[in-house]
Amino acid sequence: MPTSQSQKKEAIAQATEQELASLADRGVRIAGNACSPIVLVKGDLDEAECSGGELAAGADGAALRKALGAIGYAPEDFCVLASVAGAGDGAVAAGEALTCDLFREALETLDPEAVLLLDNYEDLMKNQTENSAADVMRETYADMLVAIDDFDTAMLKPGLVAHVQGRRVLALDGFEAALTDKAAKQRMWAYIKQLTPAAAPL
C-alpha cells in the first residue's frame, strides 16, 4: 500500500522530534519553533538563561521578535539555539561551548534558511570566553568558510552576510548589549534588515 503525503509528513515530524529529544539529552538547548526558517544562535547567556531559564525570554527576545516581524517573518518564526551546553548526559559540561559535531548536528536538524549569530568573540574578549555564537559557527563550518573569497565575510565579521551550506549567516556584535545604546541599536537594525525571509521582496 503506497504511503500518503500526510503519512510521509508525519514520519518526518516524528523523526525530527526524536532528533531534537536526542540533542536535548546531550545538553543542546533549543527554544521556540524548530521549523522556523531563521535560527538565532546565542552564546553569551544571561544569569537567568545560565540557570536554566528559557533562551531569549527577556528584553533581547522581545526586541528580536519585533525586528524579525518588521522584516517579514511570521510571529511563529522564532527559534533560539544556544552555542553553549545546558544540563545533559555530561558529554559536554554545562556552560561550555558545544563541540563542533554537536553544534553542526543541531543546526542541520533545525535546517533553517537563515542564521543570526547574536554575539561575537571580539565582543566577549573581556570575559575571556570562546563560547560566542560566531566563534562556534566559525570553528564548526571552517571547511566551508575557507572557500569564501572575501576574508572579512569568511571570518563572519559583524554585518556581513556569508553563504554557508546554502544558508545565509549573519553575525551581530552583541545584540543584547546594544539595546541600551541608540546608535548600536540602529546598527543592529541595519544588519538584521539584510536577512529578510527568502520569499520576501528585498
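Modeller: Let us begin with accessibility: a residue is buried under 20% relative accessible area, exposed over 50%, and partly exposed in between, with a 1.4 Å probe and protein chains only. The model is predicted, so local features need pLDDT of at least 70 and side-chain atom pairs count only at pLDDT 80 or more, while totals for chains, interfaces and linings use all residues. Residues are numbered from 1 along each chain as its sequence is written, and side-chain values use heavy atoms, with hydrogens and water left out.

Biologist: Why is E113 called partly exposed?

Modeller: The relative accessible area of E113 is 25%. Partly exposed is the range between the two cut-offs, so E113 belongs there.

Biologist: What makes the contact of E113 with R168 a salt bridge?

Modeller: The term requires a side-chain nitrogen of Lys or Arg within 4 Å of a carboxyl oxygen of Asp or Glu. For E113 and R168 the closest N and O atoms are 2.6 Å apart, so the pair qualifies. E113 lies in the loop between α4 and β4 (114-117) and R168 in strand β6 (residues 167-171), so parts 55 residues apart in sequence are tied together. R168 has a relative accessible area of 12% and is therefore buried. Helices (H or I, at least four residues) and strands (E, at least two) are DSSP runs, numbered from the N terminus.

Biologist: How many salt bridges does the structure hold?

Modeller: The structure holds 11 salt bridges. One of them joins R104 and D143, at 3.4 Å from N to O. R104 lies in helix α4 (residues 100-110) and D143 in helix α6 (residues 142-145), so this pair ties together parts 39 residues apart in sequence. R104, at 24%, is partly exposed, and D143, at 48%, is partly exposed as well. Another salt bridge links E49 with K42, whose closest N and O atoms are 2.9 Å apart; both E49 and K42 are buried.

Biologist: Why is α4 called roughly perpendicular to α5?

Modeller: The axes of α4 and helix α5 (residues 133-140) come within 9 Å and cross at roughly 100 degrees. Axes are lines fitted to C-alpha atoms, for helices over the stretch in contact, and angles run from 0 to 180 degrees between N-to-C directions. Angles under 35 degrees count as roughly parallel, over 145 as roughly antiparallel, 65 to 115 as roughly perpendicular and the rest as oblique. The angle therefore makes α4 roughly perpendicular to α5.

Biologist: Which residues of α4 and α5 meet?

Modeller: With contact meaning heavy atoms within 4.5 Å, C100, F103, R104 and L107 in α4 meet V136, M137, E139 and T140 in α5.

Biologist: What makes β1 and β5 edge strands?

Modeller: Two strands pair if DSSP finds at least two bridges between them. The open sheet of six strands has the order β1-β3-β2-β4-β6-β5, with mixed pairing. β1 (30-32) and β5 (161-164) each pair on one side only, and these are the edge strands.

Biologist: How do you know that β4 pairs with β2 and with β6?

Modeller: Four bridges join strand β2 (residues 38-42) to β4, and these run parallel. Four bridges also join β4 to β6, again parallel. L40 has L116 in β4 as its bridge partner, and V115 is partnered by V169 in β6.
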